[in-house]
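Take a look at the fold as a whole, then at one helix within it. The sequence and the model follow.

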Amino acid sequence: MKAVIFKGVNDVKVESVPEPVIVEQSDAIVRVTTAAICGSDLHIYHGKIPGTLPGMTLGHEYVGIVEEVGPQVREVRKGDRVVGPFHVACGMCRSCRRGAYNQCERGGVLGYGIAFGNYAGSQAQFVRIPFADFNLRKIPKDVSDEKALFAGDILTTAYGAVRNSGLLPGETVAVIGAGPVGLMAVMSAFVLGASQVFSIDLVKERVEQAAALGAIPIPSKEMNAKAKINEVTGGQGVDVVIEAVGGTPTLKLAFELVRGGGRVSAVGITSEDKFEFPLMQSLVSDLTFRIGVANIHRDIDAVLALLQAGRIDPTTTVTHRLALEEAQEGYRLFDEKKAGKVLLKV
Ligand code: NAD
Ligand code: ZN
Ligand code: ZN
């Protein structure tokens with residue numbers, strides 16, 4: 001089959017690899033119909049994720065049709081149209097029983113290398129999904145493939161980040177980063193009741209997309225984000241900051257924008273090991289800081305329900321629909337911020 005293979009820094013190629021087979025009785029094989037390129041794939045592309053070796057199959061966002069199931073699989077059947085979380089979980093271990101599916105003792109991330117379970121990725125014609133009953137969701141009839149795809153990662157990641165912030169109806173939110181995840185955070189913040197949402201990014205075109213969703217755009221190369229937010233909030237700062245970039249500069253900015261008693265909820269991925277935590281400010285200003293890998297299994301059903309109800313449309317972020325064979329071009333365009341969300345049609 002054809003698959004997107006990581007070849008080295010800034011280098012991916014579509015190559016022929018063996019098709020996956022059922023290994024465990026609880027596995028399913030899914031025939032991928034649409035996959036997507038994520039900002040998280042770019043960290044591998046940049047050579048920043050330890051344990052991602054040349055030759056591995058990339059990708060963790062997908063929708064598809066179940067092709068084959070192992071003898072223990074009960075809930076999903078051959079022919080079902082499905083989506084699944086980017087990280088897989090067993091549903092049975094101590095972490096899963098506590099609802100910490102992103103901490104599953106047998107879990108991992110599709111296409112994220114040996115430090116994350118060594119699972120082959122989904123930017124391919126077929127992908128093996130372990131614990132299929134737990135990791136696949138049948139897509140409601142009236143939700144399109146393209147909408148459902150976003151429930152497996154970035155829409156649910158963004159929704160979860162806003163949920164983790166404890167946002168209350170009427171509160172104000174600043175979202176740092178207006179890549180696809182940041183844009184989904186803007187949508188999620190409005191759906192969850194924000195009164196005003198600021199969208200901050202270095203790339204002007206990206207905050208303009210957020211403005212089309214109702215956000216107040218802050219192109220941070222041209223405008224000081226803190227000054228703008230202080231002007232609109234009467235010097236208070238925002239109740240909630242969602243950080244959707246990753247790394248020190250934007251985490252620092254998050255602490256500059258949040259009001260006393262407010263919350264910072266970060267989802268951006270970074271390879272930095274440490275961040276100088278503003279201890280005194282957090283103490284005196286009574287701040288809450290939250291960061292983590294998304295807990296997709298916790299929120300995916302709520303997000304699918306929002307998609308089904310037509311309350312949110314993540315496909316407005318899609319700028320390119322390419323064939324799987326054109327993945328190399330897709331990575332280049334997305335990395336250079338010349339594309340928004342890139343879908344790969346298989
Ligand atoms: P992306 O690369 O398309 O978007 C990142 C955006 O940040 C870009 O628009 C870029 O211009 C902007 N940016 C960079 N530096 C900035 C700065 N100093 N100030 C303001 N904006 C800045 O990626 P994406 O797909 O939107 O993903 C965003 C982040 O979310 C990535 O780090 C990704 O790995 C992460 N992510 C995390 C999880 C999780 O489970 N925690 C899940 C999905 C994605
Ligand atoms: Zn992703
Ligand atoms: Zn588990």
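Contact here means heavy atoms within 4.5 Å. Keep that cut-off in mind for the helix discussed below. The model is predicted.

Start with the overall build. The secondary structure of the protein chain comprises 12 helices and 17 strands. Along the principal axes, its C-alpha atoms fill a box of roughly 60 × 40 × 40 Å. The radius of gyration is 20 Å; a compact globule of 346 residues would have one near 20 Å, so the chain agrees with that expectation.

Packing comes next. Of the 346 residues, 54% count as buried. Among contacts with a separation of 6 or more, 69% join residues 24 or more positions apart.

Now the surface. The protein chain exposes about 14700 Å², and carbon and sulfur atoms supply 51% of that area. As for charge, there are 37 positive and 38 negative charges, and their mean positions lie 3 Å apart.

Zoom in on helix 7, residues 204-212. Which of its residues are buried? Arg206, Val207 and Ala210 are. They cover an arc of only 95° around the axis, so they sit on the same side of helix 7. Glu205 and Ala212, on the other side of the helix, are exposed.

What covers the buried residues of helix 7? The cover includes helix 6 (180-191) and strand 11 (196-201). It also includes strand 12 (216-219) and helix 12 (327-335).

Finally, follow the chain out of the helix. Gly214 comes after helix 7, and its phi is positive, near 110°.

Conventions
Residues are numbered from 1 along each chain as its sequence is written. Chains are lettered from A and ligands numbered from 1 in the order in which they are written. This is a predicted model: local features need pLDDT of at least 70, side-chain atom pairs count only at pLDDT 80 or more; totals for chains, interfaces and linings use all residues. Side-chain values use heavy atoms; hydrogens and water are left out. Helices (H or I, at least four residues) and strands (E, at least two) are DSSP runs, numbered from the N terminus. The radius of gyration is taken over C-alpha atoms; the globule rule is 2.2 Å times the number of residues to the power 0.38. Buried means under 20% relative accessible area, exposed over 50%, partly exposed in between (1.4 Å probe, protein chains only). Accessible areas come from the Shrake-Rupley method with a 1.4 Å probe; for residues, only the protein chains shown count as cover. Lys and Arg count as positive and Asp and Glu as negative; His and the chain ends are not counted. The place of a charge is taken as NZ of Lys, CZ of Arg, CG of Asp or CD of Glu. The arc is that of the directions from the helix axis to the C-beta atoms.
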